[in-house]
Amino acid sequence: MTLSDGDAASVATPLPASLPIPPATGGDDLPEVGPRYIWLMTLAQFGVFVAFITPIAISLSIRLEDLAPGRDEYLGYIIGAGAFAVVLTGPFAGILSDRTRTRLGRRRPFMIGGTLLGIGALVFMAQAPNVLSLGAAWVLMQLTWGTVLGNLQISTADRLPESQRGKVAGLTGFATQVAPVLGVGLAGLVSGNDLLLFLVPGAVGVVAVALFVVFVPEADSRLLDLGERLTVGRLLRKFVFDPRRYPDYACNWLGRFLFYFGLSLNTTFTAFFIASRLEISVEEVAGIIAAVALGGILATTVGALGGGFLSDRLRRRRVFVLLAGVLFGAGAITMAFAPGLPLIIPGSLLSSVGIGMFAAVDQALLLDVLPERETDAGRFMSIIGFAVSIPQAVAPLIAPIFLAVGAAGGEKNYTLLYLVAGVFTVLGGLVVLRIRSVR
């Protein structure tokens with residue numbers, strides 16, 4: 001596949017400011033994007049996840065252990081607070097992005113601003129003097145890097161035809177699952193320096209996003225029609241939607257919510273879980289997580305690329321989403337009863353296949369059922385973000401309840417936590433079977 005004539009022309013000759021550019025239209029009438037867009041989009045999302053997910057995977061745990069030794073539950077509170085902030089503010093970014101009128105287009109200003117502020121958040125986290133400051137820094141991280149990622153994903157809704165959604169979702173899904181492996185590896189190399197622990201992964205994100213912003217053109221949006229005037233009442237109504245009017249979108253939302261609820265229960269406490277099972281300190285876990293995750297790269301590749309490409313070729317999405325939930329659930333259950341690495345590793349591999357497949361195919365399924373693509377793509381892409389941010393806010397707050405059940409002598413009940421996580425991911429796969437407009 002080569003760079004399309006339209007893409008090449010827009011790179012060579014920017015559209016004049018006086019020319020009105022119509023909003024992107026949805027459906028199969030969209031032209032195929034060229035490889036420049038596909039690979040830079042993949043790289044950009046990879047970079048954002050290196051900067052954004054590394055703290056969840058290891059950096060936050062290391063800093064928390066320094067500031068409040070033995071208080072594992074604080075990690076859940078911090079991550080939950082950040083996700084709750086996104087729940088309150090998330091749709092604003094999507095709605096404002098839809099209505100942004102600049103020479104740079106609608107999406108790129110949010111990518112640039114979010115990246116610059118995100119670097120400040122990383123410095124804040126590295127220098128936080130106490131747990132409360134660390135939590136505030138994480139909230140800022142969620143808002144800034146989350147805005148960058150959100151606008152990258154809205155861009156795919158603007159640009160991708162149905163025939164390329166599974167492929168691109170597979171590539172980006174694979175990249176975003178592999179990204180934490182690199183992030184944890186980098187963190188392990190600089191774990192003795194708090195500033196580098198956060199800024200080295202952050203630098204990867206800055207470079208990747210900058211390449212996308214510079215080399216992927218977006219049409220001047222200054223003369224786009226804003227439509228009806230946005231009052232406070234209309235803005236608040238845009239935070240919700242009628243599931244009876246968009247039943248397939250509603251099913252996709254619920255399925256994603258359930259899957260990510262289980263995923264958040266599973267992954268939030270990974271460092272503490274492995275440290276507990278292997279009876280080592282949290283500081284020693286970084287290298288082990290990176291080594292285990294390296295084996296998951298192949299599994300994630302199979303899930304993301306295999307699921308994404310096959311769902312395009314077979315024109316079927318639902319069965320792959322269901323399979324993803326089952327595979328992740330099987331991996332979580334295996335890890336629940338694992339006494340050590342010989343069972344943790346295969347459980348992690350199964351979960352990696354499920355995560356990769358779900359990330360790819362469910363994203364393509366979302367683009368297939370996205371309502372009002374022409375005018376409100378950012379709004380509905382932001383609302384679907386609730387299906388991720390709410391579980392990230394609630395699951396870590398609920399997780400200590402499961403960890404405390406039957407616990408004695410300071411031990412946490414990770415077995416129950418991982419079992420519950422597996423049940424939720426399977427339920428998430430089952431819900432999408434109710435979608436009717438997509439096979």
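**Core packing and surface features**

In this predicted model, F212 is in contact with Y37, L40, M41, A44, M111, L152 and S155 once its neighbours within four places in sequence are set aside. F212 is also, together with W138, Y249 and L417, among the residues that touch the most other members of the largest nonpolar core, which comprises 121 residues. The greatest contribution to this core comes from helix α2, spanning residues 35–67, which supplies 17 residues.

Helix α13, formed by residues 341–369, contains 29 residues and extends 41 Å from its first C-alpha to its last, a span close to the 42 Å expected at 1.5 Å a residue. This helix is mostly covered, since 22 of its 29 residues are buried. T334, which is located in helix α12 (residues 318–336), touches L343, G347 and L350 when residues up to four places away in sequence are not counted. The relative accessible area of T334 is 24%, and T334 is therefore classed as partly exposed, given that residues under 20% count as buried and those over 50% as exposed.

A nonpolar patch on the surface is formed by V423, L427, L430 and L433, whose accessible area together amounts to about 310 Å². T334 and L433 are separated by 99 residues in sequence, and their C-alpha atoms are 25 Å apart in space.

Key: Residues are numbered from 1 along each chain as its sequence is written. This is a predicted model: local features need pLDDT of at least 70, side-chain atom pairs count only at pLDDT 80 or more; totals for chains, interfaces and linings use all residues. Side-chain values use heavy atoms; hydrogens and water are left out. Helices (H or I, at least four residues) and strands (E, at least two) are DSSP runs, numbered from the N terminus. The expected span of a helix is 1.5 Å times one less than its number of residues. Buried means under 20% relative accessible area, exposed over 50%, partly exposed in between (1.4 Å probe, protein chains only). Contact means heavy atoms within 4.5 Å. Patches are made of residues with over 30% relative accessible area and no salt bridge: like charges are joined within 9 Å, nonpolar side chains (Val, Leu, Ile, Met, Phe, Trp, Tyr) within 5 Å. Accessible areas come from the Shrake-Rupley method with a 1.4 Å probe; for residues, only the protein chains shown count as cover. A salt bridge is a side-chain nitrogen of Lys or Arg within 4 Å of a carboxyl oxygen of Asp or Glu. A nonpolar core is a set of buried Ala, Val, Leu, Ile, Met, Phe, Trp, Tyr and Cys residues joined through side-chain atoms within 4.5 Å.
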